[in-house]
Amino acid sequence: MSSCFLDEETFCQCCQLFLQHSHSLCDGWSWEQVKGSEEGYLRKTALGTGRTRCNQDQQGTSSDQHQERTFSLSFHNDDDDEDDGAVCCIQEENSSSSVVQYEYHILYSCSYQTPVLYFRASTLEGRSLCLEEVWDSVHPNYRQRLQHRPWDTITQQEHPLLGQSFFVLHPCRTEEFMKPVLKAALEEHRQVNYIVTWLSVVGPVVGLDVPLSYCTQVPEPPHTPSSSPQPPSSSPQPPSSSPQPPSSSPQPPSSSPQPPSSSPQPPSSSPQPPSSSPQPPALGTKPG
Amino acid sequence: MADDKDVLRDVWFGRIPTCFTLYQDEITEREAEPFYLLLPRVSYLTLVTDKVKKHFLKVMKAEDVEEMWFDFEGTPLKWHYPIGLLFDLHASNTALPWSITVHFKNFPERDLLHCPSNSVIEAHFMSSIKEADALKHKSQVINDMQKKDHKQLWMGLQNDKFDQFWAMNRKLMEYPTEEGGFRYIPFRIYLTMSDRPFIQKLFRPISPDGYTHTLGDLLKEVYPVAISNDDESKRYQVVIHGIEPLLETPLQWLSEHLSHPDNFLHISVIPAPSD
């Protein structure tokens, strides 16, 4: 793929390849199809740790005033251009480390032509975590990144397919970190699965681990005639009638990670969601 | 015949007469009277209901008050949808005033987003504008604006200042003449009879061979259910800002004139009233 943008069809193909590897690792991802449509998303639930309020009788509500203070950190209101003045409040006196149930969804955004990570979190008793608790649960290594770049931040949004409240990592900066990776991969004739690369950047911020074998075992989708011309060495895999199972033990990473010949064939028999509408040509051709 | 600019004003100044009644199970010190308010179609519930909150807090103890939220006939109302959209979607064919129930307890965590302050509304509003411009102009126009310009858009909405808002917003409505329109039209089609809240897809206002797409073309492509065949009686109404535009209306024109301040065309598809 020579562009940092992803069209919906390629998104689905990348997801299917991603999914095959997940099955081989029992990594827990599934594909959820939207009823009556070809659209869908990747889904996974996992237990993790988080910082939650203790002694809460009701669902995640702190006083309005309390939350108001915290929300000033996400979007700068002062006129100072240099410093966003973001402060992350760590409520240590009232919160503790506990086991949290996470649910992650990977959706496609047609507006930004990138994947988007949606997630929600709840305690084992079923209480939804509030935004503040989610912020507190972000590993300190990543907190600074979220503080100083407002458009990378976590906000609460409506899930566009389910209509329920989720937290989201804002997608509009995806291009910035994907572009150099994809460019380098193209120059070095390496295969890159967009979803794998993207998730390995955004996932860890919200507690989602991506095992290393994804990077070596998951190829990119075959190149269709409508996408941009690829360098000759990364020729598409020969189509097969059924998907090959991937090798059971992960290959050790090599210096130039070409997928081994026994790696999963493009899943020609698994449901490829064709675009239902005559959409404009794959945007891989546009300049980055 | 209305001038195009008049349409912009009519859209901006649209109002819905609303009656707010406190939920019967809320704990009050004395009986709460209903509160009447004219709500701006293009604004957001949590931005314009401070008076409602103040009114009901007069009869309640502070400890019985958590985040305020609203429902209509049992359906929690999403504050992040424009008020006019909520009305068209849930209450268009009911009698005025619009009867909304006010709650201060048992916030429906799964269904509603929290709104602890106006900065959350601002963030949501600006995020929509950014997304719309990503579709219209590959984000070039919004990114070329300064922070104070973004602020002007928000303040215009917050303070109901049409001229202040449109002084900036007109830039987001421009396009290169040779293109004939925006790159893609920012729209969402809201459905009542579906789990899915809305449909949003990429759709060009002008086809590669120069054909101007209409509202009907959009629906046929993206939600054909909405358009009935000639031999069937009309099953659905397609509503924008409380009216049913002709399906022949050019989509580019709709986007420039009937978008909400967030630059999206919010289109409701609702069951046609049966007489």
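**Entry 1: confidence**

I looked up pLDDT, the predictor's confidence in each residue from 0 to 100. In chain A it is lowest in helix α2(A), residues 64-71, with a mean of 39, and highest in β1(A), at 95. I took helices (H or I, at least four residues) and strands (E, at least two) as DSSP runs, numbered from the N terminus. Chain A has a mean pLDDT of 70, and 59% of its residues reach 70 or more.

Where pLDDT is low, the predicted coordinates should not be read in detail.

For the record, this is a predicted model in which local features need pLDDT of at least 70 and side-chain atom pairs count only at pLDDT 80 or more, while totals for chains, interfaces and linings use all residues. Residues are numbered from 1 along each chain as its sequence is written, chains are lettered from A and ligands numbered from 1 in the order in which they are written, and side-chain values use heavy atoms, with hydrogens and water left out.

**Entry 2: the sheet of chain A**

I traced an open sheet of 6 strands in chain A, in the order β1-β2-β3-β4-β6-β5, with antiparallel pairing. Two strands pair if DSSP finds at least two bridges between them. At the edges are β1(A) (30-33) and β5(A) (154-158), each of which pairs on one side only. Neighbouring strands are turned by 40° against each other on average, direction ignored.

Helix α1(A), residues 8-25, packs on this sheet and touches β1, β2 (40-53), β3 (95-109) and β4 (114-123) of chain A. The direction of α1(A) makes about 140° with that of β1(A); axes are lines fitted to C-alpha atoms, for helices over the stretch in contact, and angles run from 0 to 180 degrees between N-to-C directions.

Ile154(A) stands opposite Leu169(A) in β6(A).

**Entry 3: backbone of chain B**

Most residues other than glycine have a negative phi, and most peptide bonds are trans. I recorded a cis peptide bond from Leu96(B) to Pro97(B), with omega near -5°. Pro97(B) lies in the loop between α4 (83-91) and β5 (98-103) of chain B.

Lys138(B) has a positive phi, near 55°, and lies in the loop between α5 (118-137) and α6 (140-144) of chain B. Asp160(B) also has phi near 55°; its loop runs between α7 (147-158) and α8 (162-172) of chain B. Lys138(B) counts as partly exposed because its relative accessibility is 40%. Buried means under 20% relative accessible area, exposed over 50%, and partly exposed in between (1.4 Å probe, protein chains only).

**Entry 4: cysteines**

How many disulfides are there over all chains? I counted 0, a disulfide being a pair of cysteine sulfur atoms within 2.5 Å. The sulfur of Cys12(A) is too far for a bond, because the closest cysteine sulfur, in Cys15(A), is 6.3 Å away. Cys14(A) likewise has its closest cysteine sulfur in Cys15(A), at 6.9 Å, too far for a bond. Cys12(A) is buried at 4% relative accessibility, and Cys14(A) is buried at 0%.

Methods
Contact means heavy atoms within 4.5 Å.
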